[in-house]
Amino acid sequence: MSASTENVDEKKIIASVRAGANLTRSKPLFSYDSKFLFCCAESLVKVYSTISGECVHNLKGHKNTTTGLVINSQNKLQLLSCSLDQTVIFWDYSDGVLLKRIRLQGPLHGIWIRPGDPDLVQVLKHFGNSYYLEHCNMLTSNKDESKSIKDLSGLSSDPRSSAIGCKGKYLAAVKGCFLYVKSTSKSSKIRRFTFPDFTCVACHPTDFCIATGTGSGKIILWWSFLGDQSHVVKSTLHWHALPVLDLTFTVEGSYLLSGGHECVLVKWQYNSEYRDFRPRLGAPLTHVAISPDNLLYATSHDDNAIQLLTSNFLLTQVYQGLTKTNLSAKQTCLYPAGLNFDPRSKALVLNGKPGHLQFYSVHSDKQLYNLDIVRQNYISSENIQRPLDVTEVIQSEFNSTGDWLATVEYWNNGVMTPEMRLKFWKYNTETQSYTLNTTVEVPHDKVIKCLRFRPDTFTDNNEDPMVVTTSEDGKFKIWSNMDDTNIYRTNTRWNCDSVGYFHDKPAGRCAFTADGSLLGVVFGASITLWDPDNNVLRETLNSQQGTVQFIEFGKKSCSHYLATTTVSNVTVWDLITCAVVWSASIESTHLVADPLSDVMAVFGKNKSLFVFKPSDPNYLYCNKNIRKDAEGAVFIPHQKKSSKNEGGQLSWQCESQLYWMTNKQDLMTLTVEEDEPTHTQLIPIKTNLPQTPFSALLTAERKKGFQPSAYRELESEVYTTASQFTSQLLETASHVQAPVTSLCNTFIHALLIREKSHSSAQLIKDEDDNDASDEEEKVTTNSDSESDMEVEDKEVSISKTDTSSKGKQDRQKKDIVTEQKSFEMPNLDWYSTGLNT
């Protein structure tokens, strides 16, 4: 691989996170009316509906990871977000519009607004080797940059370690074994308290009380901390057995919510020993947020999910991102089952929760569902340093149509006998899910290394599916589906047809040709080619570079080629001559093939990516820095076929898009780097308010002097119909409406305008009919005259009639406009009269 065959501007093609962004890195936030939930997702801000659960907007404006969110105290319809790109952005979240951008000096890790002083914004800034809690006045400033004043220094980068309490009268922060407290009044000094292993902090909204979480599971409540340190009062709340990860008070401070590794949400009553629990939330809790009306709780979890609960702990919504697999104990690979494509749901399938497979749509960036393979509940360990051993899915594969799914699950704690099961799942069209068909206990003596379905193109109507499994025990087994019908039911089951081995070597990867007529199995440095129907060895290919790690047969025009990889080389074989076509020195980690084209991709150890065709030693695309190492890769077909990919420049992705998972569990793909966005027109903050019937009346009053170009447009542009006025009236709260007598007068006028416009139109139509009849009578009376005279008389009479009719219509139009003006919206005298009374 030495030269590219495609003219691509590689500087514009970048590796970026396409789907499955981390939703739980920062604490979520509710809107002022609890109708929306905001969460940070990499450089985006996602706006979810708390009613439907759908993503309403993706607010895009930051160039780096978004770290904090807060509602603007000056305008409840605006959202403030901070990011590591050193900026704070003002959003109109209802319309998804960027309003203003303010730059601060340094990456930002958190943002708050002081309740006692709504003009001040508190930020957690990184400068040098330390983190500072600073405040600045940016809500009323019109400048693009703002200067901040330091309050506390030497803090943690986690926003859960800082808080503002008692209506903004003091600041609190924890780091390590120290608690720092400072009053927001001028010339106040910092007070420091010690306690082993602080993890998070929360301040009471109306009382001088601080709650701190510890690594031992205890919650420490602090009082009288602004006076003499010898008079500090402490109390302890202890239920958690593992570290407390987050604490949050309700809006009025009646309850304290806590969460941790136990997957349990605990609700503590303030100044009381009463507590309530919501257990079995599925994953450790990392953040807890409360809505302004205290009716909804949002819990962020370690598996990249946000659960929406009511105040009675009833689950209402789940916002699930790409599930992270950091819950398993002793994993050497984050995704042992690899990345697969489901032909039915067009989803990406990979490991999710322990013992589950997740189906994730990369096109809609949404998780479709989880399939429980192991069917065991997740149990949190008693010690984080010694997590429990859980059963994991190590292999999974779909057939070409998605009718069958094969999985392998494995459990081994190093002490007991390992457990391994091979399961076959049949897709049920009635339930729209996979149901278990066959379970094989201990299919091999050792761990299964590879699992592959035979392509369905070789068989007719998918009547004879075939599966091959390879294992470290030196054998590969061929499984087929057979009839298992009896007098009670009609069913099929899977059975082992034949077993193959080669020189007692451990079996590695395997693959079928595109037509399914040939099976390739790796035994160390040897690639063996078998007839799968008869289990007969056809040919043996020996690699000179060492043990073969991956094997893939070509597709389409390259179906007679075989690509293999070792630790240091990529080699392509010709199946006709059984000879090496070409070889390249690449330290490869993964090899994947596009099922719809003849393209393959190989990932290198030095964060490199090469895309090639087996028939050509020159690569199609090369990227020497994909930012992170790949843990797995897959080609996913496009929803709509086109000659170019969504980026618009890589023609080799016209059929499918290449995705790979990094060691940081980010789903990456190749995209075109966007140009600098154009300057967004700023929307005035004061005009960004919801419309009410009173504002509609003011608007109509201001438009009185406006003269429309056509009289028929006057009704639709100025006046409000009765149905529109009624809907506005019903949507507005009763305590903010004008007096009923004034609204009734306006409503009656709306009805009169509508009726008058209808009668005027009917009057024009009737008079036009009378004019037409008069013209016919005039033409009839002159029928006995001479031909020449008849023509002249007709022309004269018609011209006169047209002139007279046009004059009448002009006069009628003027009368209608005059009448309609007399029924315009009334003035606002009623409003001043109502105020006087």
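Lys-346 is partly exposed in this predicted model, with a relative accessible area of 43%. That value sits between the 20% and 50% cut-offs, so Lys-346 counts as neither buried nor exposed. The residue is in the loop between strand 30, residues 340–342, and strand 31, residues 347–351. The side chain of Lys-346 has a polar atom 3.1 Å from the backbone oxygen of Pro-343. Leaving out neighbours within four places in sequence, Lys-346 contacts Phe-341 and His-363. Tyr-360 is 14 residues away along the chain, and its C-alpha atom is 8.8 Å from that of Lys-346.

Next, Thr-528. Buried or exposed? Thr-528 counts as buried, because its relative accessibility is 0%. Thr-528 belongs to strand 44, residues 526–531. On the polar side, there are two items to report for its side chain. A polar atom there lies 2.8 Å from the backbone oxygen of Val-521, and a polar contact of 2.6 Å links the side chain to that of Trp-530. Beyond four places in sequence, the contacts of Thr-528 include Phe-502, Leu-519, Phe-523, Leu-537 and Glu-539.

Last, the nonpolar cores. The largest has 20 residues, and those touching the most other members are Leu-609, Trp-652, Leu-658, Trp-660 and Leu-670. Strands supplying at least two residues each include strand 1, at 13–19, and strand 56, at 667–672. Which strand gives the most? Strand 54, with three residues. Apart from this core lies another, of 17 residues, with Cys-558, Ala-563, Val-572 and Val-602 among them.

Key. Residues are numbered from 1 along each chain as its sequence is written. This is a predicted model: local features need pLDDT of at least 70, side-chain atom pairs count only at pLDDT 80 or more; totals for chains, interfaces and linings use all residues. Side-chain values use heavy atoms; hydrogens and water are left out. A nonpolar core is a set of buried Ala, Val, Leu, Ile, Met, Phe, Trp, Tyr and Cys residues joined through side-chain atoms within 4.5 Å. Buried means under 20% relative accessible area, exposed over 50%, partly exposed in between (1.4 Å probe, protein chains only). Helices (H or I, at least four residues) and strands (E, at least two) are DSSP runs, numbered from the N terminus. Contact means heavy atoms within 4.5 Å. A polar contact is a pair of N or O atoms within 3.5 Å; within protein, one must be able to donate a hydrogen and the other to accept it, and residues adjacent in sequence count only if both atoms are side-chain atoms.
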